[in-house]
Structure formats: structure tokens, C-alpha cells
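Hi everyone, thanks for making time. I'd like to walk you through one protein model today, going from the whole chain down to a few single residues. Have a look at it first.

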Amino acid sequence: MPKTQVKTPAESSSNGALAPENPADLKEAKELFQAAFFRHLQLSLGKDKYSATAYDRYLAVAFAVRDKMIERWIQTQHTYYRQDVKRIYYLSMEFLMGRTLGNAILNLGLEEVVESAVYDLSLDMEEIRNMELEAGLGNGGLGRLAACFLDSMATLQLPAYGYGIRYDYGMFHQTIKNGFQHENPDNWLRLTNPWEIPRPEYTVTVQFKGRVVTRKNPQGNVVFEWVDTEDVLACPYDSPIPGYGNKTVNTLRLWSAKSADEFGLHYFNSGDYLEASKDIALAESISKVLYPNDTSMNGKELRLKQQYFMCAATLGDMLRRHKKYHKDCSLLAEKVHLQLNDTHPTIAIPELMRILVDIEGFSWEQAWEITNKVFAYTNHTLLPEALEKWSVDLIGRLLPRHLQIIFEINYRFLKQVSWKYPGDVERLKRMSLIEEGENRTVRMAFLAIVGSHSVNGVAQLHTDLLESLVVKDFYDLSPGKFNNKTNGITPRRWLKKANKGLSALISEHIGDGWVKDFSQIRKLEPFAQDTAFVKKWQKVKFENKQRLAEYVGNTKDVILNPNTLFDVQIKRIHEYKRQLLSVLHIIHLYNEVKSGRGRGIVPRTFIFAGKAAPGYFMAKLVIKLINAVADVVNSDPDTRDLLQVLFLEDYRVSLAEKIFPASDLSEQISTAGKEASGTGNMKFSINGALTIGTLDGANIEIREEVGADNFFLFGLTAEQVMARRAGGYNPLEYIDKDPRLMAVMELFRTSYFSPDEPTLFNPLVDNLIFKDEYMLMADFSDYVACQQKVSELYTDYDQWTRKAILNVARMGKFSSDRTILEYNRDIWNAVPVPIEMGAEARQIAPGKSD
């Protein structure tokens with residue numbers, strides 16, 4: 001193929017400065033951007049228009065856009081120092097940011113300038129966007145939520161920082177071979193990342209192992225020293241986080257592990273090349289992979305190392321920044337707030353205690369008061385296996401001083417419990433931070449609760465279950481500590497960017513104030529009764545479905561029919577999320593058609609996407625089943641025009657941005673009481689998909705907002721699930737009394753979907769028949785009946801569309817801006833800081849940088 005020839009602008013001698021804010025002259029703004037593009041192509045990349053590759057052109061565009069952020073970025077930090085603001089530190093092991101270029105252009109208000117400038121250079125903007133490698137630094141909802149929160153904090157002008165790990169390899173690339181998931185390394189750093197800037201001058205030394213010695217200081221107090229440690233360097237890389245429609249550019253700082261030891265040159269010169277680099281490899285393994293497999297002791301040690309590495313580096317950086325203006329840590333609680341995004345960063349609590357007591361010289365009581373005031377904990381799970389526990393032996397070997405501190409925290413905490421509940425030994429056992437047994441463990445969620453002044457769930461049901469069931473003892477002890485903060489998503493990425501057609505239609509009728517204040521989306525509600533608007537809405541939906549069909553055709557050589565109902569379930573593959581229930585429904589519909597009862601079935605395209613953890617056998621077997629069912633259904637002449645099943649591999653943010661706008665039906669069918677919140681449900685709804693779901697997570701609040709008539713509800717409630725389980729749940733009872741379910745299970749018994757491997761799906765079937773922990777059998781009948789209601793409504797497409805419009809119009813609550821405002825109002829109490837770019841604003845305090 002011939003290379004793309006780039007047209008040079010008439011005047012390319014500009015200094016490369018981007019256009020002034022809101023330029024009146026688009027032509028001038030385009031020329032300035034083009035000049036910046038060519039300057040970076042030549043001076044940053046050493047290329048010209050003839051030698052530049054497609055990736056070079058992407059880099060040049062990215063650098064030109066980044067230029068626009070840099071001055072704002074620097075000014076943001078100087079303003080924070082000059083005003084000595086209270087800062088928010090958001091600690092997360094995951095940040096699933098998605099592609100940066102499009103989001104940066106959107107938030108900076110440069111869409112028209114950049115797209116027009118690129119078009120005039122005879123370049124394809126879509127091709128440039130697709131060249132960006134996605135940083136897969138997250139597993140799913142947790143990392144994506146963190147990304148939404150950073151966007152909202154910058155948009156709300158809050159002085160905030162994200163802190164995490166710069167994994168060399170992110171979440172694996174997923175390929176499907178013979179129906180099975182295969183994992184491939186996600187080497188997202190193999191090419192230049194234009195959005196990060198290394199900051200080696202702020203490297204932090206992180207200690208591991210060693211031993212603790214005690215001595216008495218001149219005042220006669222016992223002092224603890226952590227000595228003979230193995231040290232690793234934490235090197236920071238910064239990425240800018242621009243707010244929407246303002247001048248704020250906050251920072252995401254990610255840590256990369258480097259060896260503190262010199263290269264073993266003497267080993268190398270003697271021919272022992274492996275020994276020469278062994279220590280370097282061991283140190284750098286800490287930031288090598290997101291979530292290494294922890295089934296082995298080495299894997300467990302690496303995970304704990306990762307968590308402490310991130311926390312220790314972040315606290316060291318936070319204190320360095322604090323001490324630029326404050327001689328000690330006595331005002332730390334007034335100037336700093338640390339939010340723990342789930343249980344992973346909990347080790348930061350004993351780390352801060354170690355710093356305050358052992359290094360800064362505070363008494364235990366003073367240090368604990370500060371620590372408790374600066375930490376807040378967000379719980380993201382109700383699953384017991386996800387509430388982390390670390391072996392006492394492992395912590396003692398890896399972090400000996402921290403284990404001492406944890407024991408002391410536990411001792412003092414249990415004294416407090418015993419004062420309130422004298423003689424209640426069982427309660428002390430339940431609430432102890434140390435779980436006794438043959439292999440003692442530290443209950444990290446308990447440590448997070450005890451060490452924080454605020455503990456929040458992420459949906460009202462989730463918070464209620466935390467308080468009444470999961471950590472009830474802690475709620476009874478300190479009810480004022482617990483609160484709910486229902487999750488949200490950023491409408492900038494998930495509607496304005498991902499669904500340009502729909503966002504343009506909305507803005508045409510109600511203005512664009514909704515982008516920054518999503519409560520204004522309610523103005524859309526009256527248009528649900530406007531026939532002309534309904535037709536325009538349907539046209540946008542059809543175009544989005546065509547766009548997804550085109551993508552699928554190009555990548556999978558599969559033809560999708562956009563005239564069918566797109567029934568979509570895209571999320572992490574897990575048994576409690578019940579992708580398997582949807583598969584059982586598909587098999588039921590297949591049976592109906594094959595038995596001659598398919599007349600009137602609404603044609604559907606079932607779309608699945610999501611990754612299973614590499615060691616999660618049952619989840620990976622579900623993926624194989626989906627593909628096996630797809631092979632049968634899609635090739636059967638009786639069903640292929642009515643039912644189509646598709647599994648899209650390598651689910652990621654950019655793929656999600658294509659799927660959500662095209663979806664008709666959102667499958668949110670987890671077992672009630674298992675999903676903490678979910679945010680995919682929100683992304684579907686703001687893009688005009690109707691939801692079929694259980695009363696689980698944020699589904700409950702979505703249904704309350706959009707109206708029960710606009711939500712397809714089925715299934716047991718959380719209370720009913722617990723009652724069935726307590727009463728001796730027997731899944732066979734449900735199979736025996738439902739002929740439809742018996743017919744589905746019969747196809748498994750006869751190996752209909754795996755004739756060459758008759759026992760392939762036995763583990764799934766045996767689990768459904770004899771255990772069924774997530775109660776698919778109990779919910780099957782109600783689910784099938786509810787799906788019939790879906791089909792009936794879809795036949796009246798105008799009525800379906802009106803309900804879709806109402807869904808979007810009533811989703812104002814679910815903006816991450818609202819969530820962050822509540823965090824700040826109730827927990828952080830930071831003051832928003834507008835950033836000014838005038839000459840006076842550029843006066844900075846000498847020697848103050850970030």
C-alpha cells in the first residue's frame with residue numbers, strides 16, 4: 001500500500017504554540033495546530049512527511065495536543081502550592097484509562113480544531129485514534145471507576161492526584177482459539193507513550209524484609225529501627241488529567257520498580273550473564289504484571305510486594321510534597337486526604353503509622369489520630385474471597401515492622417471493643433484483625449475499617465449488606481463511620497465521546513449543559529412524546545448498530561444484522577455475573593425454534609465480551625460454552641436468521657465505546673446480593689439501552705430513577721437468596737418442575753454442544769444440578785418470562801424507543817461528578833481551586849514544583 005502523503009501547511013515556521021483559548025479564527029487555530037504537528041514530527045521524532053509511519057503521525061498529533069495541556073498542568077501545580085491547598089490522594093491498584101487522545105481533545109475543547117486540521121493534512125483521524133495502544137492497567141470496573149473519578153475530580157477543579165503502578169504488562173490480551181480463551185502479554189509500552197513524563201528526580205526508596213531493632217532515645221523512649229532491608233527504587237511517571245471546560249490539569253502518577261543495586265559487572269565479565277542481572281530482574285518484577293497469579297507462595301509474595309511498593313512510594317511522595325510548605329506532619333490531617341480504592345492499598349495504614357512513630361517521632365496516640373483522620377476506605381465487594389487476607393508469616397517476613405504495628409493496632413482496638421462489649425469473647429474473635437488458626441492471617445478489610453474515619457459502599461444495597469451482614473460488628477461499634485456513595489460514570493467519555501450521534505441529537509434539543517452538569521439531561525424527558533424526535537433517535541441507534549456491525553465484519557468476518565435486537569452482556573466473566581444464565585436462555589430459544597414453537601420470536605443478536613481470570617477454570621469454560629453454542633445456533637438453517645450469538649474477544653475500553661451505543665438490551669443479571677454496584681449498567685442506560693436485571697447493586701437505584709415501567713425486573717431478591725440458601729436450596733427441584741429447563745439440560749446430557757468431547761461441559765452441568773451457588777435454576781423461569789416481555793415490547797419499536805429516551809433522561813444521578821461531589825462533601829472536605837492562566841497567575845513561588 002502507498003504511504004499516506006502529508007500536506008505541509010503554507011506557513012510552517014511558527015514556533016509551534018497552539019491556538020489561544022477559544023480562537024475566533026478557526027483557520028488560524030488549524031494552522032497553529034498543523035505547525036505544532038510538523039514541529040513534533042521533525043524535532044521530537046526526527047521524521048518528515050515522507051519517512052513518517054502511521055504511528056509517527058499519531059505521536060505528532062498526540063504531542064501537539066499534549067502541548068496544550070502542559071502549561072495548564074504546570075500552572076495547576078503552582079496554584080496548589082501557592083494556595084497551600086488540601087490535596088486528595090486516590091490510591092488504586094488499577095487505572096483503566098482507555099485511549100487518551102480522544103478524551104484529551106474533548107476535554108480541552110479542541111475537537112473542531114484538531115479534526116479539521118488533520119483532515120486538511122489528508123490524514124484519517126479515525127486511523128490516528130486507532131494507533132494508540134491502550135494501557136490495560138485494570139481488570140474491569142474497579143480500574144474504570146478510578147479513571148472516571150480522576151476525570152470528575154479535574155472537571156470539578158479539586159486538587160487531586162491518582163496513584164498506582166505502571167505495570168510493564170497490563171491485563172492480558174485475550175484471543176479465542178477453538179472457542180477457548182488464550183492469554184497473551186499486553187506489552188503496551190513497546191512503543192513510545194506520548195502521555196507520560198518520567199520524573200526520576202522524585203524517585204522513592206522502598207524497603208522490604210530486613211529486621212527490626214530497638215533502642216532508647218535520649219528521652220528514654222523505645223525507638224524502633226527497620227534495618228538490613230532489601231531496597232527497591234520507585235520511579236514515577238506522570239500523566240496529565242485535564243478537566244472538561246476548565247484550565248485544571250491534575251496528575252496521575254504511576255510507579256515503576258527499578259533495582260537499587262548496581263549491575264553485576266564482575267559476574268558479567270566472568271561469563272555468568274544471568275547472575276549479573278538477577279537482582280535487577282527480581283526488583284523490576286514488582287511492576288512487571290498486573291495481578292500476578294497468586295496460587296503459589298511466590299505469587300502471593302509478589303502481590304503483597306506490589307501493594308506495599310505502591311503505598312510506600314505514594315506516602316513518601318505525599319510527605320515530600322507536604323514538607324515543602326510544612327516543617328513537620330502535625331498539620332497533615334488538615335492538608336491531606338488518602339482514599340483507599342478497595343482493600344488493596346490497606347497496607348498504607350501501618351506504613352503511615354511507621355513513618356509518624358519511627359521517623360517523625362510522634363507518640364502512638366498522636367500518630368493514630370492523624371492516620372485515622374487522613375484515611376478513608378471504599379469497599380467494592382461482598383464476596384468473602386475478595387476481602388483480602390495475608391498470611392501473618394508472609395507479612396512478618398516481608399514487612400516485619402508493619403506486622404508489629406498491625407499487632408499493636410489490633411491490641412488497642414480489641415481493648416476498645418471489650419470496653420463496649422465486656423465478656424463477649426466471640427465478638428472479639430469475629431472482629432480481631434488477626435484470624436486465628438493453623439495459618440494465621442491478617443484481615444485487611446478489617447484493618448482498613450479500623451484505620452479509616454470513613455467506610456463507604458458503592459450502591460445503597462451494597463452498603464446496607466455491609467452494615468447488616470458482611471461487617472455488621474464494625475457497624476454496630478461505629479455506625480457513624482459508614483456511608484454510601486453510589487458509583488457513577490463520566491458522561492464525557494461514555495456519552496459525548498462514545499456516542500457522538502446521540503450526544504449531538506441531545507445537545508441540539510436541550511443544549512450542551514448536560515456534559516458538565518448531567519442533572520440537566522432531565523430536560524430530555526418531554527421529547528419522549530415527540531414523534532419526530534423518536535424517529536431521529538431511532539436513526540442514531542440504527543447507525544450505531546451499523547457501525548458496530550461494520551467493525552465486527554472487519555475484525556471477525558461475521559455479518560451482523562442491525563435490524564435485530566442487540567442483546568448484550570459485556571463484563572468480566574464470573575459465575576456470579578451469570579453469563580451462563582443468558583446462555584441457558586439462548587439454548588431455550590433454540591429449542592423453541594427446533595420444536596416448531598419459534599413463531600413470533602423476535603430476531604436477536606446476542607453479544608458477549610469479557611475476560612476470565614487466567615486461573616478461573618469455570619469462567620473460562622463458560623467462554624468455551626458461549627462459543628460452542630454460537631457454532632451450533634449460527635450454522636443451523638432453522639435458527640440462523642432468528643438467533644445469532646457472538647463473543648467479541650479482547651474486551652477493552654475502546655471496544656466498549658463501540659458496543660454501548662449500539663446496544664438495545666443491557667443484561668445485568670447477577671445473583672442478587674453479589675454485585676457491589678456495577679457501572680456497565682449505567683453506561684448502557686445513558687446510551688439508550690433498556691435493562692433486564694435483578695435487584696442487585698446499582699440496578700435498584702437505576703430502576704428507582706428511570707421508573708419500574710422502564711426496567712425489566714426478574715429474579716430473587718437478596719433476602720430471598722439468603723432464605724433459600726438457609727432453607728436448604730436444591731436446584732434439582734427447579735429442573736424437575738420446569739419442562740423448558742429439563743429440555744435445556746437434556747442437550748447438555750447428550751453432549752449436543754460438544755459431540756467430540758462428551759464430558760467437556762460436565763463441570764458446569766454438575767455445578768448447576770448439585771450446587772448452583774448463584775441460583776441460576778431458581779431464577780431461570782422468571783428470567784425466561786421477563787425475556788418474553790422484552791420481545792413483546794420490541795415489536796412496538798416506537799414504544800421501546802420512548803422508554804429508551806426516558807432511561808437516558810432520568811440517569812442524571814449516575815454521573816461520577818455527583819459521586820465525587822458527595823465524597824468531597826462528606827469525606828474529603830477539599831476546596832475547589834479554579835486555575836487562572838493570566839500573567840499574574842503565572843507568578844510562582846520560587847523553588848516550588850511537583
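Predicted model: local features only at pLDDT ≥ 70, side-chain atom pairs only at ≥ 80, totals over all residues.

The protein's secondary structure comes to 33 helices and 23 strands. If you draw a box along the principal axes, the C-alpha atoms fill roughly 90 × 80 × 65 Å.

So what radius of gyration does the protein have, and what would a compact globule have? With 850 residues, a compact globule would come out near 29 Å, and the protein has 28 Å, so the two agree.

How much of the protein is buried? Buried residues make up 60% of the 850. The accessible surface is about 33,700 Å², and carbon and sulfur atoms account for 51% of that.

Now, who touches whom? Take the contacts between residues at least 6 apart in sequence: 77% of them join residues that are at least 24 apart.

And charges: there are 102 positive side chains and 108 negative ones. The centres of those two sets lie 2 Å apart.

Is Arg427 buried or exposed? Its relative accessible area is 12%, and since buried means under 20%, Arg427 counts as buried.

What does Arg427 touch, if we skip residues up to four places away in sequence? The answer is Val417, Tyr421, Asp473 and Asp476. With Asp473 there's also a polar contact: the two side chains are joined at 3.3 Å.

Gln157 sits in the loop between α6 (141-155) and β2 (160-165). Its phi is near 60°, which is a positive value in a residue other than glycine.

The other one is Met775. You'll find Met775 in the loop between α30 (762-770) and α31 (776-794). Its phi is also positive, near 55°, and again this is a residue other than glycine. Where does Met775 stand on burial, buried or exposed? With a relative accessible area of 1%, Met775 is buried.

To recap the close-ups: Arg427 is a buried residue with a polar contact to Asp473, while Gln157 and Met775 each have a positive phi. That's it from me, so over to you for questions.

Key:
Residues numbered from 1 in each chain as written. Heavy atoms only, no water. Helix = DSSP H or I, 4+ residues; strand = E, 2+ residues; numbered from the N terminus. Rg over C-alpha atoms; globule rule 2.2 N^0.38 Å. Buried < 20%, exposed > 50% of the residue type's maximum accessible area, 1.4 Å probe, protein only. Contact = heavy atoms within 4.5 Å. Areas by Shrake-Rupley, 256 points an atom, 1.4 Å probe, with all protein chains shown as cover. Lys, Arg positive; Asp, Glu negative; His and termini not counted. Charge placed at Lys NZ, Arg CZ, Asp CG, Glu CD. Polar contact = N/O pair within 3.5 Å; in protein donor to acceptor, adjacent residues only side chain to side chain.
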